[in-house]
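Visitor: I would like to learn how to read the features of a model with two chains. Please take them one at a time.

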Amino acid sequence: MNDQPKAPPAAGGSEADIEELRLRRAEALQLGGAEAIAKHHGQGRLTVRERIDGLVDAGSFQEVGGLTGQGRYVDGRLVGVTPAPYVMGLAAIDGRPVAVGGEDFTVRGGTSWSGDRKKGGQGGFIEDLAASYRIPLINLIDGSGGSVTSINRRGHAVFPGVHGFERSVELMGKVPVVSAVLGTAAGGPAGRAILSHWSVMVQGTSQVFAAGPPVVERSLGQKTSKEDLGGAGLAVDLAGTIDNHAATEAECFALIRRFLSYLPQNVWELPPAVASTDPVERCEDSLLRIVPDDRRRPYDMRRLVKAIVDRDSLFEIQPTFGKAVIIGLARMNGKVVGVIANNPMIYGGAMDVKAARKQTHFIELCDCFHIPLVFFVDVPGFMVGKDAEEAATLREGMRAVYVGLQASVPMFTVVVRKCYGMAGMGATDKNGIDFKIAWPSAEWGSLPIEGGVAAAFRREIAAAPDPKAREREIEAELRAGASPFRTAEAFGVEDIIDPRETRPYLCRFIDAAQGGLRTNLGPKPKYGVRP
Amino acid sequence: MARIEAKTEVTGLVALIESKVGDRIAAGDPVMLIDSMKMQIPVLVEETGTLHQILVTVGDAVSEGQVVAILEK
C-alpha cells in the first residue's frame with residue numbers, strides 16, 4: 001500500500017539520508033524487476049542500461065534523473081521505487097560528449113511518464129542538454145508513446161503536442177541527432193525516430209509504424225503482423241522510413257559510433273578531420289578499366305568510389321533503399337566528404353522517386369554540417385514510365401535539384417559517364433565555383449542522343465530510303481560532336497582527367513576548401529518553398 | 001538443399017541468358033541480362049550456387065523484384 005512520506009528528510013545529509021539515496025539508486029538499477037528483464041532478454045533485446053553501456057565509452061555515462069519514479073511508502077517509510085521508464089544522461093563517444101537516453105521497456109512498456117519535468121523522448125531534459133551544450137543527441141527508442149489510459153490518470157485527454165516536438169525540430173539545425181529503434185515504436189516515439197539526421201533499427205526485434213496491427217485492423221480491417229507492417233524489410237528496404245538496419249543491437253551501436261565519427265559536435269564546428277594513412281597520390285589502375293566500352297553495360301559504382309576515397313572510409317547511408325543512387329560519408333585525405341554516386345546497375349542510374357528522396361535528405365545533412373559533397377555522375381536523367389510518373393518522380397526529382405542548388409557547401413562533380421538533363425544539373429555546384437571534372441568516358445547533354453534523335457529528326461528519318469540506317473547515321477554524327485574533349489575546348493567542363501588521377505585531384509581541392517568551410521560555420525538559413 | 005532466388009532489380013525485357021541449368025554461379029556473378037533504360041542490366045546472384053531452374057526466356061517482360069531463376073546451394 002502506498003502512503004505519502006510523513007516528513008522531509010533532515011537537512012545536512014545524515015547517514016539515514018545517504019542510506020535512502022543508496023536505496024533509491026539501487027532501485028533505479030532494478031529497472032522493471034528481474035521478471036520483466038528476463039522476459040525482455042528472452043525476446044533478444046537488451047535493457048536500456050545495457051544499451052547505453054554498449055554504446056558509449058566505458059565508464060563515461062553520468063546518469064541524470066536516476067531518482068525519478070514512483071516511490072512506495074509504508075507508514076511514511078520508503079520501501080521501494082518503480083523507476084520512471086526513461087534512462088538518460090551525459091556520456092562520451094570516442095572522447096566527445098553526447099546526450100543519450102532511451103525508454104525502459106521493462107517499466108510499463110516504456111510508455112510516457114509524467115513527472116514535473118520530462119526526462120526525454122520528444123522534448124525533455126535530454127534534448128535541452130543537447131541543444132544548450134551543443135552536443136549530439138542519441139535516442140535509444142523502445143516505447144509505444146502515449147496510452148489512452150492516461151485519460152483516467154490525468155482526468156482529461158492531452159492535446160497533441162503538449163510535450164511538443166519544437167525542441168526536436170530545433171535540434172535538426174544545430175546538433176547531430178541519431179535515433180535507434182530497438183523495439184516496437186509507434187506514435188510519438190516513431191515520430192521521434194524520424195526527426196533525426198540518421199536512424200537505424202535491428203532486424204527481427206524492432207518495428208516502426210504510425211500505428212500497430214490492432215489499430216490497422218480496427219481502421220481498415222487489414223490483418224497484419226508487426227514485422228510485416230514495420231519490420232526492417234519494409235521500414236528500411238522498401239519505404240526508407242529508417243535509414244539503415246543492423247543484425248544485432250551490438251552492430252547497431254557500432255554503426256551509431258561510426259556515423260557520429262564523421263560529424264561535428266554541432267553546426268558551429270567543422271567535421272572532425274583525421275590523419276590519413278592512405279596516400280593522396282594513390283592512383284588505382286583498376287579505375288582505367290572500370291567503365292565498360294559498351295555504353296549499355298553497367299559497372300560496379302561502389303568499387304569505383306571505394307578506389308578513390310580514403311581506404312575503408314565509405315559509410316553508406318540507406319544502402320538498401322533508393323538503390324539507383326549510392327550515398328555515404330567518407331574521407332579524402334582525412335577530411336569528411338559526402339559522396340553521391342549514381343548506380344548504373346539500377347535502371348542505368350536514372351533518378352527515381354526513392355533515389356531523389358534519398359539524395360535530397362543527404363544534401364541537406366551535408367549542407368547543415370558543412371560537409372563538402374562529391375558527385376560521381378552517371379545519370380541518364382529522371383526515371384521514365386507510367387509508374388515513375390504516378391510516383392511524382394518529376395516533382396521529387398526537382399526537389400532534389402532545388403535542394404542541391406540551394407546548398408552552399410563546396411561540391412565537386414566527377415562525370416564518370418552519363419550526365420543528362422535536370423538530374424545531371426542537380427549534381428553541380430551552382431552556388432560555388434561550378435567545378436566539374438570528367439573522365440574520357442563522359443558524355444552529357446540535355447538528353448541522351450539515342451533518345452532525342454528520333455524526335456528531333458523525325459521527318460528526315462521518315463523520308464530516308466532506310467529510316468533505321470539514317471537514324472543510326474545521325475546518331476553517329478552527333479556522338480562525334482558530343483565528345484567531352486570538344487566541351488573542354490570551350491571550357492564548358494573545367495577538366496578532363498585520367499580516371500586514375502581522380503583521388504589526388506579531388507584531395508587537393510578538398511584540402512583547399514577547408515579554409516572556406518572554417519570561416520562559414522553556423523546554422524544554415526532556409527529560404528523559399530521546396531517544390 | 002537451400003534454395004536461392006535470383007531476382008531482377010529492374011523492370012525490362014530479358015535480353016540474354018548467360019547460364020544454363022547445372023552451371024555453378026558464384027556470388028556476384030550474372031545469371032542473365034535485362035534490357036532496361038537502354039542498358040543491359042545483369043541479374044546478379046547473391047550467394048554461390050548451382051543453377052536449378054530458369055523461369056524466363058529471352059524476350060520475356062519482367063518486373064522489378066521478380067524471381068527469374070532458382071539456384072541451389
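This is a predicted model: local features need pLDDT of at least 70, side-chain atom pairs count only at pLDDT 80 or more; totals for chains, interfaces and linings use all residues.

Visitor: How many residues does the contact take from chain A and from chain B?

Guide: Contact means heavy atoms within 4.5 Å. Chain A gives 18 residues and chain B gives 13 residues.

Visitor: What area do chain A and chain B bury between them?

Guide: The size of an interface is often given as the accessible area lost when the parts come together. Buried area is that loss with a 1.4 Å probe, summed over both parts. Here chain A and chain B bury about 1,300 Å², and 60% of it is on carbon and sulfur atoms.

Visitor: Which side chains meet in a salt bridge?

Guide: A salt bridge is a side-chain nitrogen of Lys or Arg within 4 Å of a carboxyl oxygen of Asp or Glu. The rule finds one across the interface of chain A and chain B. Glu9(B) and Lys323(A) form a salt bridge, at 2.5 Å from N to O.

Visitor: Which elements give two or more residues to the side of chain A that touches chain B?

Guide: Helices (H or I, at least four residues) and strands (E, at least two) are DSSP runs, numbered from the N terminus. On that side of chain A, the elements giving two or more residues are β16 (411-420) and α18 (449-456). The residues there divide into nine nonpolar, two polar and seven charged. In this count Ala, Val, Leu, Ile, Met, Phe, Trp, Tyr, Cys and Pro are nonpolar, Asp, Glu, Lys and Arg are charged, and the others, Gly among them, are polar.

Visitor: How many helices and strands are there in chain B?

Guide: Chain B has zero helices and eight strands. Its radius of gyration is 11 Å, close to the 11 Å that the globule rule gives for 73 residues, so chain B is as compact as a globular protein of that length. The radius is taken over C-alpha atoms, and the rule is 2.2 Å times the number of residues to the power 0.38. Of the contacts in chain B with a separation of 6 or more, 57% are between residues 24 or more positions apart.

Visitor: Is Thr413(A) buried or exposed?

Guide: Buried means under 20% relative accessible area, exposed over 50%, and partly exposed in between (1.4 Å probe, protein chains only). Thr413(A) has 1% relative accessibility, so this residue counts as buried. Thr413(A) lies in strand β16 of chain A. A polar atom of its side chain lies 2.6 Å from the backbone oxygen of Ala427(A).

Visitor: What is phi of Arg108(A)?

Guide: Most residues other than glycine have a negative phi. Phi of Arg108(A) is positive, near 50°. Arg108(A) sits in the loop between β5 (96-103) and α4 (125-133) of chain A, and is partly exposed at 45% relative accessible area. Asp434(A), not a glycine, also has a positive phi, of about 50°. Asp434(A) is in the loop between α17 (421-425) and β17 (435-438) of chain A.

Technical notes
Residues are numbered from 1 along each chain as its sequence is written. Chains are lettered from A and ligands numbered from 1 in the order in which they are written. Side-chain values use heavy atoms; hydrogens and water are left out. Buried area is the accessible area (1.4 Å probe) that two parts lose on being put together, summed over both. A polar contact is a pair of N or O atoms within 3.5 Å; within protein, one must be able to donate a hydrogen and the other to accept it, and residues adjacent in sequence count only if both atoms are side-chain atoms.
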